[in-house]
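Welcome! Please take a moment to look over the sequence and the 3D view before reading on.

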Amino acid sequence: MRKRWVGGNWKMNGSSEEISALVDGLVTGLTGFDEVDVVVFPSFVYLQQVKGGLSGSNIFFGGQNVSQFDHGAYTGEISATMLEDKGCKYVLVGHSERRHVFGESSEVVAEKFAEALSHQLIPVLCVGETLEQREAGETEKVILEQLNTVIGEVGIESLGRSVVAYEPVWAIGTGLTATPDQVQEIHSFIRKTIALQHETLADELQIVYGGSVKAANSNEIFSMPDVDGGLIGGASLKANEFVEIVKS
Ligand code: PGA
């Protein structure tokens, strides 16, 4: 039985004061609730603060991105060693905003995935198609390419040490949510594709959905058989709403 997983991707939002209130709200709202793996992804500059606020709770935290390089002259980058040093357990890899706004290729994403694993961080590998690709009937092809590039880099066994997030680009931050059936269709495709190479791993892999999930629709989406939780953006910035999503 796969444990449920819900992440809050705070993106480039928050101030010290807001983060402090958000963390307090989550700790209060989720005390004693450990049926779900809960992870928050603050901006790097608030990691230390979040670490302090979450200490003693059952909520994990992680980085929103990681460099593919180990250390050295890479101005503005954050290494896996640094994330590990700050107590991160997870790191987002290949979020669509990284792929599409900052031009990260699948090859770079795969290198980041490998770098995270070599530092005991659990990568959350984000995959998903744009609206144009969906309309051209290329959804499965795009996702296969994104998955296979990572598998080619680290091997199928290593994929088992990650979480996979299906996030259709057209549903992120747009208010457009994929229907539960559309989500299930792609999650099942991902699981079956992986099962062709490693059945047990596919059975145990947490595959979560992201894209305009909120308290009003999380229950319906999370009840699909191949959906093991969600990666939440906008709605994770409100403690009450995020707690409601986790509990659903
Ligand atoms: P959203 O973002 O919930 O605001 O659509 C999801 C994500 O980017 O992970």
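## The protein as a whole

Please keep in mind that this is a predicted model. The protein contains 12 helices and 8 strands. Along its principal axes, the C-alpha trace spans about 45 × 45 × 35 Å.

How does the radius of gyration fit a compact globule? For 248 residues, such a globule would have a value near 18 Å, and the protein has 17 Å, so the two agree.

## Where the ligand sits

Now turn to the ligand, which you will find in the second largest pocket. Around the ligand there are 13 residues, and the closest are K11, H95, E167, G173 and S212. By type, the residues of this shell divide into 4 nonpolar, 7 polar and 2 charged.

## Contacts with the ligand

An N or O atom in the side chain of K11 is 2.7 Å from an oxygen atom of the ligand. With S212, a polar backbone atom takes part, again at 2.7 Å from a ligand oxygen. A polar backbone atom of G234 lies 2.9 Å from an oxygen atom of the ligand. How much of the ligand does the protein cover? On its own the ligand has 280 Å² of accessible area, and the protein covers 95% of that.

## A closer look at K11 and S212

K11, one of the closest residues to the ligand, is found in the loop that links β1 (4-9) and α1 (16-30). Its backbone has a phi near 50°, which is a positive value in a residue other than glycine.

S212 is also listed among the closest residues. Its place is in the loop between β7 (206-210) and α11 (215-222).

Conventions. Residues are numbered from 1 along each chain as its sequence is written. This is a predicted model: local features need pLDDT of at least 70, side-chain atom pairs count only at pLDDT 80 or more; totals for chains, interfaces and linings use all residues. Side-chain values use heavy atoms; hydrogens and water are left out. A residue is near a molecule or strand if one of its heavy atoms lies within 4 Å of it. A polar contact is a pair of N or O atoms within 3.5 Å; within protein, one must be able to donate a hydrogen and the other to accept it, and residues adjacent in sequence count only if both atoms are side-chain atoms. Accessible areas come from the Shrake-Rupley method with a 1.4 Å probe; for residues, only the protein chains shown count as cover. On a 1 Å grid over the protein atoms alone, a cavity is a set of points where a 1.4 Å probe fits but cannot get out, and a pocket is an open set with protein on both sides within 12 Å along at least five of seven lines; lining residues have an atom within 4 Å of a point. A molecule sits in a cavity or pocket if more than half of its atoms lie within 2 Å of its grid points. Ala, Val, Leu, Ile, Met, Phe, Trp, Tyr, Cys and Pro count as nonpolar, Asp, Glu, Lys and Arg as charged, and the others, Gly among them, as polar. Helices (H or I, at least four residues) and strands (E, at least two) are DSSP runs, numbered from the N terminus. The radius of gyration is taken over C-alpha atoms; the globule rule is 2.2 Å times the number of residues to the power 0.38.
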